[in-house]
Structure formats: C-alpha cells, structure tokens
Amino acid sequence: MPLFSHRFSAGSASGAPLPSFYSSKPIKPSKPFYSFSSTRAPLPLLVFSLLCLFIGLAGTLFAVYAIGRDQPLPVFRCGKSEDTFRAFYSSSDSAKLGDDSNKGLVDRPKLLGFVGIQTGFESGERRAALRSTWFPSDPEGLLRLDQATGLGFRFVIGKSKDAKKMTMLEKEIEQYRDFMLIDVEEEYLKLPYKTLAFFKAALKLFEADYYVKADDDIYLRPDRLATLLAKERSDKMTYIGCMKKGPVITDPKLKWYEKLGHLIGNEYFLHAYGPIYVLSAEVVASLAAARNDSLRMLNNEDVTIGSWMLSMNVHHEDNRAICDPRCTPTSIAVWDIPRCSGLCNPASKLKELHKIRMCSKSPTLPPDDV
C-alpha cells in the first residue's frame, strides 16, 4: 500500500482538492541508498558481526581464566621488606582489624611489642615444631594471639640465590603467611647484617613500644613476654636480656672466633645472650637512623648488638626469666643455656616441652612478679 494512501482516500471521498504537491499521475519512486528487501547481508556487515563475536568470546574466556587461576600472594611492602601476613589483614573485615573506618589494611599497626623469630632456609623442621607448639599455625590464630597479647609475631628470613630454596619458601608463605622477608643474603656469617636489617624493617612496618629478636629454637610464653614488656620503665632507652660477659675467642678454629678480638681485649663487655633480647622503640629508631657503614660489625651477632648498646648509653636490664633452662612458674623463654645457644635438638625438644603442663598450661605471671 502506498504511503499516506489513507489520506488520499479520505480526500477523494470528501471532494476536497488535493494539495499541489500531490499528483494524479503515478510518481516513480526515487532509488534508495540501499534496499532491505534483500535477504543477503552485505559482506562488511557480516565481517563486523563476526569480529564482535570473536572479541566477546575472547573476553569471556579471559575472565574465566583470571578467576580460576592461582592468585599471587599479596604482600605489604615497605622498601624491600615484605610482611606476608598482611595479606590476611587485607582480606579481613574491619571488625577483625579493630578498624571502624572500614579502611581495611592498617599501614603501621600499633603494638606493645613486635617479635621477629629469626629463621633460615634449613630450619623447616624447627618452624613446623614451633607451629605445633606455642606459635599459631594459621593466620586467624596469629591474629588472635596478637589481639590477646598486644604482640605481633613473624618468622624473619632473608633471601637466597638458590632458586629451589626460594620456590620452597614461596610455597610455605602461601600456606602459612607468617613471614617477614628482608633484603639481605641469608648466611650465618652475616647475622649482624640480618639483625640490623630486621630491626630497620620492623620499625618501618610496625609501631611498637618494643622490638624482640628471638631465635627459632627457644620455647616462648607469649603471654608472659607481654607482661614483661608492659611494665613501667623510667628509661626509654632500654636493652632487656640475659646479660653476660665472657672471654674473647681468638682461635680461628673455634666456633665463636672473633676476628676483631684485638680491638676488644681478653673479655667481652656486658651484653645479652643471642637467642632472645629486647630493644625499646627509641633504641631501634636510633639504629635505623644510623648509616650501615657507621656501625662496626663483629663476627658474633649478640656481641655486635652489645657493642652498639654500650656506645648508645642504653639501660641494661638483666632478666633471667627469658633464659631459663627449664620450665618454671616464672619462665618466659626456655632453652638449654649454657649447653646450647637455644634448645639442643630443637625440633624434638620443642614438642617435649609443650607436653609439660608447667611449660604450656601454667598461669600467666602477674605484673609484679616479672
């Protein structure tokens, strides 16, 4: 039917004359730009449709792959230091974090104390033993311990050029998320460098009143350690440990050989045993501000720290409860002093101690008893 034909009929029926632009002669329709009457789509349109379909399918497949593949473990980075446990923080709700602002990740958590458990690539059995005793074996447990004591705990480890070791470490991180990674070569002879790197990284990542260096071969009571650190102290520059003196070893064949012994003399100055000691925040801040090459590095890590404490005029607080050779009602850290620097055969001894009620189940010390 021609367009407007109903109007023509209405006009002829009423006898009204048609407008001048209408003609009684049939008008030859003008040729359209293109016709839709053909059932065959033009080639460019077909190609464009196929291209859109291909892009849509590719996008869908990529989305399925991205969702299904293993996601890289998020870490909290500060310079070249990484806190793998913060991955759990970032995925936790604000109620768990105690953050009412809904910001989720806290840049620098406030703690009573931060405890870095020094470990190495060959210490997998020790870490497993610790996770089966006083050290929580899952992120939720680690967070609960943090909330109960005000202390943060991480295994502290450096890096290795051995790709196999690094791969094994990555798998352990993915499973437990309880490491602090620091940018220093993991080597026994470089322990003073690792210790300094640990304190610097810990200060940047955590706002703590105290920073604790501990080894992975001691049995620790976190609740009693928190009680010790919560005590009021008049001196802000504080160094807490089991203090000792001893002869300087100058024989290269012996384990505790000190290469720079001629600068020290026959006997070491007062310093803390290496398996565990505590530095106040002010002391750590002073160390972090110092240039690495301005601090003398001795062969032995505990003596190196002690020399820095001597030069910084800090208060030495001797506490024998953190170097108890057996579990007692007052012990905070238990290890085989002086037979071993830590527990002898720690992987098995840690589990044995944990079964002793005096070690794991005895009450927390009241503050006045610490």
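Modeller: Happy to! Let us begin with a word we will need: a residue is called buried when its relative accessible area is under 20%, exposed when it is over 50%, and partly exposed in between. Keep in mind that this is a predicted model.

Colleague: Thanks! Is Cys327 buried or exposed, then?

Modeller: The relative accessible area of Cys327 is 15%, so this residue is buried.

Colleague: What is a disulfide, in general?

Modeller: It is a covalent bond that joins the sulfur atoms of two cysteines.

Colleague: How many disulfides are found in the whole structure?

Modeller: The search finds 3 disulfides. In one of them, Cys327 and Cys359 are paired, with their sulfur atoms 1.4 Å apart. Cys327 sits in the loop between β10 and β11, while Cys359 is in helix α14 (residues 357-360), so the pair ties together parts that are 32 residues apart in sequence. Cys359 is buried too, because its relative accessible area is 2%.

Colleague: What is the handedness of the link between Cys327 and Cys359?

Modeller: Look at the angle about the S-S bond: here it is 80°, and the link is right-handed.

Colleague: And which handedness does the disulfide of Cys242 and Cys323 have?

Modeller: The torsion about that S-S bond is about -105°, so this disulfide is left-handed. It links distant parts of the chain, 81 residues apart: Cys242 belongs to strand β8 (residues 238-244), and Cys323 to the loop between β10 (315-318) and β11 (333-334). The sulfur atoms of Cys242 and Cys323 are 2.0 Å apart, and both cysteines are buried.

Colleague: How far apart are the sulfur atoms of Cys340 and Cys344?

Modeller: They are 1.9 Å apart, and the two cysteines form a disulfide. The torsion about their S-S bond is about 105°, so the disulfide is right-handed.

Colleague: What is the pairing if I number the bonded cysteines in sequence order?

Modeller: You get 1-2, 3-6, 4-5.

Colleague: Which backbone oxygen does the side chain of Thr227 reach?

Modeller: That of Asp223, at 3.1 Å.

Terms used. Residues are numbered from 1 along each chain as its sequence is written. This is a predicted model: local features need pLDDT of at least 70, side-chain atom pairs count only at pLDDT 80 or more; totals for chains, interfaces and linings use all residues. Side-chain values use heavy atoms; hydrogens and water are left out. A polar contact is a pair of N or O atoms within 3.5 Å; within protein, one must be able to donate a hydrogen and the other to accept it, and residues adjacent in sequence count only if both atoms are side-chain atoms. A disulfide is a pair of cysteine sulfur atoms within 2.5 Å. Helices (H or I, at least four residues) and strands (E, at least two) are DSSP runs, numbered from the N terminus. Buried means under 20% relative accessible area, exposed over 50%, partly exposed in between (1.4 Å probe, protein chains only).
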